[in-house]
Amino acid sequence: MNRDALVLEPDGKWSFGQAQVASNFDAHIENSVPLYRHSHDLICAFAEFFLSDGSLCYDLGCATGRLSARLAARHQQAAIKAIDIESRMIAHADATHCKALANVELLTADITQFEFVPADLMIACYTLQFIKPRLRATLLHKIYHGLHRGGALLLFEKVIAADAALQEMATLIHTNFKLAHGCPPEQVITKANSLRGVQQPLTASANKKLLRAAGFSRVFTVMKYLCFEGYLAIK
Ligand SMILES: C[S@@+](CC[C@H](N)C(=O)[O-])C[C@H]1O[C@@H](n2cnc3c(N)ncnc32)[C@H](O)[C@@H]1O
């Protein structure tokens, strides 16, 4: 069990740009998101079907670049563009996971403002939930148009349940998951408060509706555990 050392301001808003976040991120996300490593395993497994020599792949909201580094090591003739809005995340990725990987380009940028060049694969692993809901339709539209025909988006998201009773059970089980993985109880509460208005998950059906409205006609749920879901959307 990893002791989670993330420090939070008691009344502050959650920000991935805070000083300690990048260095604690890898341990923190594993202790907070069920099946986080499995999500990466699954994304890498699906990437095999979309990446080949000369391919371009975007990792949107790459954080510390752990997934980008895995993809880059496996697909050495593909180019991985790893984007994050927080320069501290990009600096951490550059100094750690992505160090010395020639086929990863790390970019500090806002994905809602980014002009994509045609790619075979786009990945948004627990990123879209941090984009304002009113911007998501336009972003997904841009992602769709940034993909080659036959290309795909792998979207992993925290979701909210369609039913309040299920949501209550899922929240409690998730809270117990975090406590069992070493997150201090006061941090679980402080983080939940700080995420209000910052992390805004939608229901699974709202996510699928957005993907279809963006143009994706083939949308598959490839992972589901409590309120954590992964979708493969093919252009
Ligand atoms: C939960 S983390 C993503 C985890 C990462 N994809 C992984 O698989 O380990 C969310 C990331 O999205 C980034 N982010 C949030 N809004 C963004 C935006 N508008 N443009 C680019 N990155 C953004 C945050 O800075 C943060 O690093």
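**View 1. Packing of helix α5 against helix α8.** Helix α5 (residues 133-145) and helix α8 (residues 204-214) pack at an angle of about 50°, and their axes lie 8 Å apart. That angle makes α5 oblique to α8, since angles under 35 degrees count as roughly parallel, over 145 as roughly antiparallel, 65 to 115 as roughly perpendicular and the rest as oblique. Axes here are lines fitted to C-alpha atoms, for helices over the stretch in contact, and angles run from 0 to 180 degrees between N-to-C directions. The crossing of α5 and α8 is right-handed; a crossing is right-handed if the near helix is turned clockwise from the far one by less than a right angle, and left-handed if anticlockwise. From α5, the residues Arg 136, Ala 137, Leu 140, His 141, Ile 143 and Tyr 144 meet Leu 210, Leu 211, Ala 213 and Ala 214 of α8. Contact means that the C-beta atoms of two residues, placed from the backbone, lie within 7 Å. Helices (H or I, at least four residues) and strands (E, at least two) are DSSP runs, numbered from the N terminus.

The model is predicted: local features need pLDDT of at least 70, side-chain atom pairs count only at pLDDT 80 or more, and totals for chains, interfaces and linings use all residues. Residues are numbered from 1 along each chain as its sequence is written.

**View 2. The whole chain, for orientation.** The chain has eight helices and seven strands. Its C-alpha atoms fill a box of roughly 45 × 40 × 30 Å, taken along the principal axes. The radius of gyration is 17 Å, which agrees with the value near 18 Å that a compact globule of 235 residues would have. This radius is taken over C-alpha atoms, and the globule rule is 2.2 Å times the number of residues to the power 0.38. Of the 235 residues, 38% count as buried. A residue is buried if 20 or more other C-beta atoms lie within 10 Å of its own, exposed if 12 or fewer, and partly exposed in between, with C-beta atoms placed from the backbone. Among contacts with a separation of 6 or more, 74% are between residues 24 or more positions apart.

**View 3. Cys 57 and Leu 51 in contact.** The largest nonpolar core has 57 residues, of which Cys 57, Leu 121, Met 122, Ile 123 and Leu 153 touch the most other members. Such a core is a set of buried Ala, Val, Leu, Ile, Met, Phe, Trp, Tyr and Cys residues joined through C-beta atoms within 7 Å. Leaving out residues up to four places away in sequence, Cys 57 touches Leu 51, Leu 71, Ala 78, Ile 80, Ala 119, Asp 120, Leu 121 and Ile 123. Leu 51 sits in the loop between α2 and β1 and is buried, with 23 other C-beta atoms within 10 Å. The C-alpha atoms of Leu 51 and Leu 202, 151 residues apart along the chain, are separated by 29 Å.

View 4. Helix α2 (residues 36-47) packs on helix α3 (residues 66-74) at an angle of about 35°, with the axes 11 Å apart. The crossing is right-handed. His 40, Ile 43, Cys 44 and Ala 47 of α2 meet Leu 67, Arg 70, Leu 71 and Arg 74 of α3. His 40 has 17 C-beta neighbours inside 10 Å and counts as partly exposed. His 40 and Phe 156 are 116 residues apart in sequence, with their C-alpha atoms 9.7 Å apart in space.

View 5. Ala 63, in the loop between β1 (56-60) and α3, has a positive phi of about 55° although it is not a glycine. Ala 63 counts as buried, with 25 C-beta neighbours inside 10 Å. Tyr 126, in the loop between β4 (119-125) and α5, has phi near 60°, again positive in a residue other than glycine. Tyr 126 is buried, with 21 other C-beta atoms within 10 Å.

**View 6. Gln 167 in helix α6.** Gln 167 lies in helix α6 (residues 164-180) and is partly exposed, with 15 other C-beta atoms within 10 Å. Its C-alpha atom is 8.1 Å from that of Cys 227, 60 residues apart along the chain.
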